[in-house]
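I opened a new notebook page for this structure.

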Amino acid sequence: MADFIQNGSIASFMLAALALEIALAAVFFWRKGQGIGLFSFLANGLAGAGLVLALRAALLQSGWLFVAIYLLAGLLAHVADVALRVVLVRRAAGAPLNN
């Protein structure tokens with residue numbers, strides 16, 4: 001088990017599970033006709049993927065630069081997710097989107 005974690009295989013497993021989750025959610029949101037909900041879920045998944053890639057880079061001792069790049073990518077995806085959720089909440093409340 002220690003080798004499974006230390007050689008980064010755990011991160012590959014986590015990324016595969018995340019990809020499957022996003023694919024299943026995409027089908028759900030597509031059938032419901034909720035495109036912006038899908039984009040929010042996708043951004044959330046990409047934020048998680050950035051964290052998992054940073055973990056993998058740290059486990060494989062790829063260097064601080066790769067860890068920082070993956071963390072920054074995760075942060076940008078997280079900010080996009082929050083912005084999309086704000087749009088969803090405003091749309092549900094009937095508020096104008098330009099304020």
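**Entry 1: Val86.** I started with Val86, which is partly exposed at a relative accessible area of 41%. My cut-offs: buried is under 20% relative accessible area, exposed is over 50%, and partly exposed lies in between, with a 1.4 Å probe and protein chains only. Val86 lies in helix H4. Helices here are DSSP runs of H or I with at least four residues, strands are runs of E with at least two, and both are numbered from the N terminus. I then took a distance from Val86 to Val27: 59 residues apart in sequence, 23 Å apart in space, C-alpha to C-alpha.

**Entry 2: what I am looking at.** I noted that this is a predicted model, where local features need pLDDT of at least 70, side-chain atom pairs count only at pLDDT 80 or more, and totals for chains, interfaces and linings use all residues. Residues are numbered from 1 along each chain as its sequence is written, and side-chain values use heavy atoms, with hydrogens and water left out. The pLDDT is the predictor's confidence in each residue, from 0 to 100. I looked up the chain mean, which is 90, and 95% of the residues reach 70 or more. Among the elements, H4 has the highest mean pLDDT at 93, while helix H1 (residues 2-6) has the lowest at 89.

**Entry 3: the salt bridge.** How many salt bridges does the count come to? I found one salt bridge. The rule asks for a side-chain nitrogen of Lys or Arg within 4 Å of a carboxyl oxygen of Asp or Glu. The partners are Asp81 and Arg85, at 2.9 Å from N to O. Both lie in helix H4, four residues apart, about one turn of the helix. Is Asp81 buried or exposed? Asp81 counts as buried, because its relative accessibility is 4%. Arg85 counts as partly exposed at 42%.

**Entry 4: across to Ser40.** Not counting residues up to four places away in sequence, Asp81 touches Ser40, Ala43 and Asn44. A contact means heavy atoms within 4.5 Å. Ser40 is found in helix H3. Ser40 is buried, since its relative accessible area is 5%.

**Entry 5: helix H3.** I checked the length next. The expected span is 1.5 Å times one less than the number of residues. The 25 residues of H3 (residues 35-59) should therefore span 36 Å, and the end C-alpha atoms are 36 Å apart, which agrees. The buried residues of H3 include Ile36, Gly37, Ala43, Gly45 and Val52. They pack against helix H2 (9-32) and helix H4 (64-93).

**Entry 6: Gln61.** Where is Gln61 found? Gln61 sits in the loop between H3 and H4. Its phi is near 55°, a positive value in a residue other than glycine. Most residues other than glycine have a negative phi. I also looked up the exposure: Gln61 counts as exposed, because its relative accessibility is 72%.

**Entry 7: helix H2.** I ran the length check again. The 24 residues of H2 should span 34 Å, and the end C-alpha atoms are 35 Å apart, which agrees. In H2, Ala11, Leu18, Ile22, Ala25 and Phe29 are buried. What covers them includes H3. Gly33 follows H2 and has a positive phi, near 70°.

Entry 8: Trp30 lies in helix H2. Trp30 counts as exposed, because its relative accessibility is 68%. Phe13 is exposed, with a relative accessible area of 56%.

**Entry 9: the nonpolar patch.** Which residues make the nonpolar surface patch? I listed Met1, Phe4, Ile5, Phe13, Met14 and Leu55, with about 600 Å² in total. H1 and H2 are the elements that give two or more residues to the patch. Patch residues have over 30% relative accessible area and no salt bridge; nonpolar side chains (Val, Leu, Ile, Met, Phe, Trp, Tyr) are joined within 5 Å, and like charges within 9 Å. The areas come from the Shrake-Rupley method with a 1.4 Å probe, and for residues only the protein chains shown count as cover.
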